[in-house]
Amino acid sequence: MNLLKLIALTLSFSFIAACSDDSSTASKAPAKTLSTQFLNKDALTKVLMKTSMGDIELGLDAELAPESVKNFLSYVESGYFSNTIFHRVIPDFMIQGGGFTAEYEKKDTQAAIQNEAFNGLKNEEYTLAMARTGAPHSATSQFFINTKNNGFLNHTRKSPNGWGYAVFGIVTKGQDVVDKIEAVKTGSGGIFSRDAPQELVVIQSMELIK
């Protein structure tokens with residue numbers, strides 16, 4: 001487990017700048033493949049995310065992560081994500097968005113939800129998971145897409161250090177767009193001293209397509 005990366009992720013709502021110094025040199029599989037956790041991809045609820053770098057289709061597993069999916073869809077259907085940004089990008093780790101405007105203003109959210117990381121879904125490449133603070137049940141609107149297998153983020157036990165990060169979906173189309181976002185140059189931006197894309201990556205809209 002890379003503890004510094006875990007600490008960085010738990011600070012996702014406020015001072016997210018803290019992250020691993022070696023994140024850019026972490027080992028990475030030579031070829032990315034879709035997670036085999038979601039064998040029945042036709043049964044997933046589909047959401048189309050339009051970004052300034054291309055479209056990404058998300059498949060949400062309402063059976064295994066009902067609370068997380070219901071919460072995410074409420075933000076989708078309200079238009080909350082429109083014109084927000086991917087505010088944090090760490091190569092060989094993840095891309096994170098869903099909470100800040102292009103002016104780096106933090107948006108108001110609904111109430112936090114219960115952590116469903118014990119649902120058996122793992123933080124594998126191209127999976128979609130809820131971001132949160134260090135408190136296990138603090139996830140609201142922010143999410144991240146894993147860009148490698150991040151096993152150290154998985155649930156191990158119901159304890160402060162073991163809750164993990166709840167996976168609730170997967171990228172079903174547009175993996176190349178995720179890769180392009182992951183590859184953007186990063187640095188300081190807004191309230192963040194590092195890991196912010198130097199060219200804004202905007203989530204133009206999200207809409208339910210199934």
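How do the residues of the lining of the second largest pocket divide into nonpolar, polar and charged? The lining holds seven nonpolar, three polar and two charged residues. Here Ala, Val, Leu, Ile, Met, Phe, Trp, Tyr, Cys and Pro count as nonpolar, Asp, Glu, Lys and Arg as charged, and the others, Gly among them, as polar.

The structure is a predicted model, in which local features need pLDDT of at least 70, side-chain atom pairs count only at pLDDT 80 or more, and totals for chains, interfaces and linings use all residues. Residues are numbered from 1 along each chain as its sequence is written, and side-chain values use heavy atoms, without hydrogens and water.

The chain has three helices and ten strands. These are DSSP runs numbered from the N terminus (helices H or I, at least four residues; strands E, at least two). Eight strands form a closed barrel in the order β1-β2-β7-β5-β6-β4-β3-β10, with antiparallel pairing. Pairing requires at least two DSSP bridges between two strands. From one strand to the next, the twist averages 35°. Strands β1 (residues 45-51) and β10 (residues 202-208) pair antiparallel over five bridges. In this pair, L48 stands opposite E207 of β10.

Helix α2 (residues 66-78) packs on the sheet and touches β1, β2, β5, β6, β7 and β10. Contact means heavy atoms within 4.5 Å. The direction of α2 makes about 110° with that of β10. Such angles run from 0 to 180 degrees between N-to-C directions, with axes fitted to C-alpha atoms, for helices over the stretch in contact.
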